[in-house]
Amino acid sequence: MRCGLGRRSSLSQFPDNVLRFRRAQTSGSLRIQHCSGKLRGLGTCRNPPAQASRTAVVHLTGGLGHSWQADLGHFSRAPKIQDVDSDERAVSSVDVSNVLNEEKKQQVIALGRLGWSLRRIQRVTGVHRETAAAYLKAAGIAFRPPGSWGRQPAAKPANEVITDPVPEKPATEVSSDLVPAKPANEVITDFGAESAAGVTAAPEPQPGRSPSASACAPYRDAIELGLSRGRNAMAIWQDLVDTYGFAASYQSVRRFVLKLRPSVWMEACAVIETAPGEEAQVDYGKGPMAREPLSGKYRRTRLFVMTLGYSRKSVRLLVFRSSSQIWAELHEKAFRRLTGVTRVVVLDNLREGVLTPDIYDPALNPLYRDMLQRYGAVALPCRVADPDRKGKVESGVGHAQKTPLKGLRFESLEEAQTYLDHWEARWADTRIHGTTKRQVAVMFAEERPTLLPLPIEPFRYYQYGERTVHLDGCVEVEAAYYGAPPGWIGRRVQVQWDARQVRLMNPQTGQLLREHLRQARGGHRIQDQDRPKKTPLSTLQLLDRAGKAGPQVGALCREMHHAQGQTAVRRILGVLSLAKKYGPASVDEACTAALEVGVSDYHFVRRYLERNPQLPLGLRQVDPLIRQLTLYRDFIQNKTKESEE
């Protein structure tokens with residue numbers, strides 16, 4: 001292989017003495033191919049018969065058989081020249097560097113097996129992408145040629161071959177611009193032949209810009225505006241396509257953006273492979289600003305994302321606030337949009353899903369757990385502070401934040417959701433995923449048949465909490481009372497209720513204790529087997545206290561207990577609380593009035609005391625218990641005289 005390096009070129013202008021050449025063709029007996037590499041190792045040099053040029057063709061004896069035509073005056077070490085005989089069998093020897101050492105070679109091959117692109121290998125290792133491509137090709141490793149992402153590489157124009165008798169033409173200028181399409185090389189040969197026939201001319205430049213100018217140059221202002229708003233290259237390219245009908249590829253925009261803003265490369269992470277329909281990952285993220293209808297002000301939304309582990313298909317929903325029920329409802333909406341359910345749901349340790357984080361035995365939110373159980377899925381919380389376990393949804397959240405939603409505001413939540421759904425169908429589902437190298441929609445079509453079917457009826461949501469079983473054997477739920485099994489007085493139970501039913505559950509085992517229909521405020525619901533056969537000791541002690549407060553108070557409380565049973569315990573406690581507030585005498589009078597009219601009710605006694613307030617206490621001037629003031633005067637005088645004597 002032979003390539004040209006002009007006399008006016010200097011190796012010092014290229015980093016690490018890396019030479020970059022353009023593709024040439026086979027012309028006559030001279031084989032000219034694409035090549036690049038580092039000038040290292042021992043090689044041989046053959047000077048042309050006419051010493052009119054300082055250039056020499058250098059052939060490396062080691063490595064992959066590269067050949068360079070280089071200006072020997074630019075090498076740091078002086079060449080070792082031998083005499084050249086008439087038949088040119090003897091050649092001069094030149095000291096140049098060898099090819100890549102074994103460690104660097106193995107590093108390039110290992111990165112190639114990981115599927116890294118040539119440009120990425122060049123950035124990390126410092127080995128030019130064309131040199132890396134040669135080593136990968138020799139090792140039998142498939143790779144994507146530069147400039148062929150998403151399309152076949154365009155045919156490059158033929159090279160112009162120039163002979164030695166034409167000194168006006170300088171040798172090829174080495175370009176450091178890493179663009180896919182490169183102009184033809186100018187190659188200097190050892191022969192006096194004319195220019196090769198059949199060489200096609202280079203394509204004429206498009207009107208309005210030079211051949212080396214980027215297709216993004218006319219849109220520089222729009223690109224800089226997008227960068228100032230924090231949008232990435234993908235979002236800017238999508239905006240250019242939608243707004244201006246931009247015809248160039250995403251890679252063109254990406255290269256243009258890299259020139260304006262250097263990119264930040266993150267550390268590589270392992271990819272977790274899952275079977276179709278096996279796993280979905282969910283997470284919250286910050287959404288865009290949207291105007292809230294109640295306050296009329298812009299408010300930050302919350303972005304819910306569910307991403308399938310196999311196809312990377314995502315469902316993105318926006319809400320203003322979150323709760324246990326909203327978190328579960330978002331899962332239901334996502335399942336119905338996907339028309340199926342995965343078997344495992346990987347989530348973070350947020351409060352809506354996990355009450356107590358634990359890698360071995362986490363305590364799940366009961367509402368969230370029951371909802372997933374209804375759909376046949378199982379929750380799998382991640383380890384605390386380990387977001388890499390759900391990196392697919394983390395990437396999905398960042399993708400939506402940086403690409404469609406960055407720097408945008410919406411007048412309503414519905415408008416924001418409509419915009420996000422359009423972007424999801426137009427761009428997210430039709431993109432070629434960076435890891436799988438396949439279209440997301442195609443992979444989701446393969447995964448959809450493996451999803452679990454949806455239940456016929458949606459999950460019925462409920463509220464939950466903890467209550468204490470009181471002396472009457474009941475718990476209070478929204479001002480109504482529901483009986484618990486015997487033996488639970490004074491203990492805590494878990495309670496779940498909705499618009500139709502109330503369920504009492506064991507807090508340790510989750511076992512269902514009792515299930516009751518909802519009652520109106522003040523109502524009671526006790527099953528027959530839970531009613532005590534004899535009066536409990538605590539109730540007898542309560543009736544004894546009522547009798548000590550007053551005879552009529554005790555009589556009224558016994559009448560209430562006889563008529564209402566254990567449900568009257570709370571009303572008896574209410575009568576005793578009135579005795580503390582108004583005094584036993586006043587309450588006893590009110591109870592007398594209640595017994596006279598035949599109403600054994602706590603509310604009657606309370607209303608009677610509220611509507612018949614007691615007269616305020618006054619001071620008496622004359623009373624048998626009050627002594628005359630003269631007696632106090634004489635007593636003080638006698639004590640004074642005794643003290644003086």
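Here are some notes on the helix contacts, sheets and aromatic pairs in this predicted model.

1. Let's start with H2 and H3. Helix H2 covers residues 118–125 and helix H3 covers residues 129–138, and their axes come within 8 Å and cross at roughly 110°. An angle of 65 to 115 degrees counts as roughly perpendicular, and H2 and H3 are therefore roughly perpendicular to each other. As for hand, the crossing of H2 and H3 is right-handed.

2. Who makes that contact? On the H2 side you'll find Leu118, Arg119, Ile121 and Gln122, and on the H3 side Arg129, Ala132, Ala133 and Leu136. Sorted by class, the contact of H2 with H3 has five nonpolar, one polar and two charged residues.

3. Now the other helix pair, H14 (residues 569–582) with H16 (residues 602–611). Their axes come within 9 Å and cross at roughly 15°, which makes H14 roughly parallel to H16. H14 passes H16 in a left-handed crossing.

4. From H14, the residues that meet H16 are Arg571, Gly574, Val575, Leu578 and Tyr582. Their counterparts in H16 are Tyr602, Val605, Arg606, Leu609 and Glu610. By class, the contact of H14 with H16 divides into six nonpolar, one polar and three charged residues.

5. On to the aromatics: the count comes to 13 aromatic pairs. One of them joins Trp237 and Tyr250, with ring centres 6.2 Å apart and planes at 65°. Planes over 60 degrees apart count as edge-to-face, so that is what the Trp237 and Tyr250 pair is. Trp237 lies in helix H5 (residues 233–244) and Tyr250 in helix H6 (residues 250–260), so the pair ties together parts that are 13 residues apart in sequence.

6. Next, the open sheet of four strands, which has the order E17-E20-E21-E22 and antiparallel pairing. Strands E17 (463–468) and E22 (512–517) stand at the edges; each has a single partner strand, so one side of each is left without a neighbour in the sheet. On average, neighbouring strands here are turned by 25° against each other, direction ignored.

7. Which strand pairs with E20 over four bridges? That would be E21 (residues 501–505), which pairs with E20 (residues 492–497) in the antiparallel sense. If you want a spot to check by eye, Trp497 stands opposite Val502 in E21.

8. E21 also pairs with E22, again in the antiparallel sense, this time over five bridges. Gln501 stands opposite Leu517 in E22. The hairpin of E21 and E22 has six residues between the strands, and in this hairpin Gly510 takes a positive phi near 75°.

9. Last, there is an open sheet of three strands in the order E18-E19-E23, with mixed pairing. The edge strands are E18 (474–477) and E23 (524–525), each with a single partner strand, so one side of each is left without a neighbour in the sheet.

10. Within that sheet, E18 and E19 (residues 480–483) pair in the antiparallel sense over four bridges. Val475 stands opposite Tyr482 in E19.

Key. Residues are numbered from 1 along each chain as its sequence is written. This is a predicted model: local features need pLDDT of at least 70, side-chain atom pairs count only at pLDDT 80 or more; totals for chains, interfaces and linings use all residues. Side-chain values use heavy atoms; hydrogens and water are left out. Axes are lines fitted to C-alpha atoms, for helices over the stretch in contact, and angles run from 0 to 180 degrees between N-to-C directions. Helices (H or I, at least four residues) and strands (E, at least two) are DSSP runs, numbered from the N terminus. Angles under 35 degrees count as roughly parallel, over 145 as roughly antiparallel, 65 to 115 as roughly perpendicular and the rest as oblique. A crossing is left-handed if the near helix is turned anticlockwise from the far one by less than a right angle, and right-handed if clockwise. Contact means heavy atoms within 4.5 Å. Ala, Val, Leu, Ile, Met, Phe, Trp, Tyr, Cys and Pro count as nonpolar, Asp, Glu, Lys and Arg as charged, and the others, Gly among them, as polar. Two strands pair if DSSP finds at least two bridges between them. Rings of Phe, Tyr and Trp (its six-membered ring) pair if their centres lie within 6.5 Å; planes under 30 degrees apart count as stacked, over 60 as edge-to-face and the rest as tilted.
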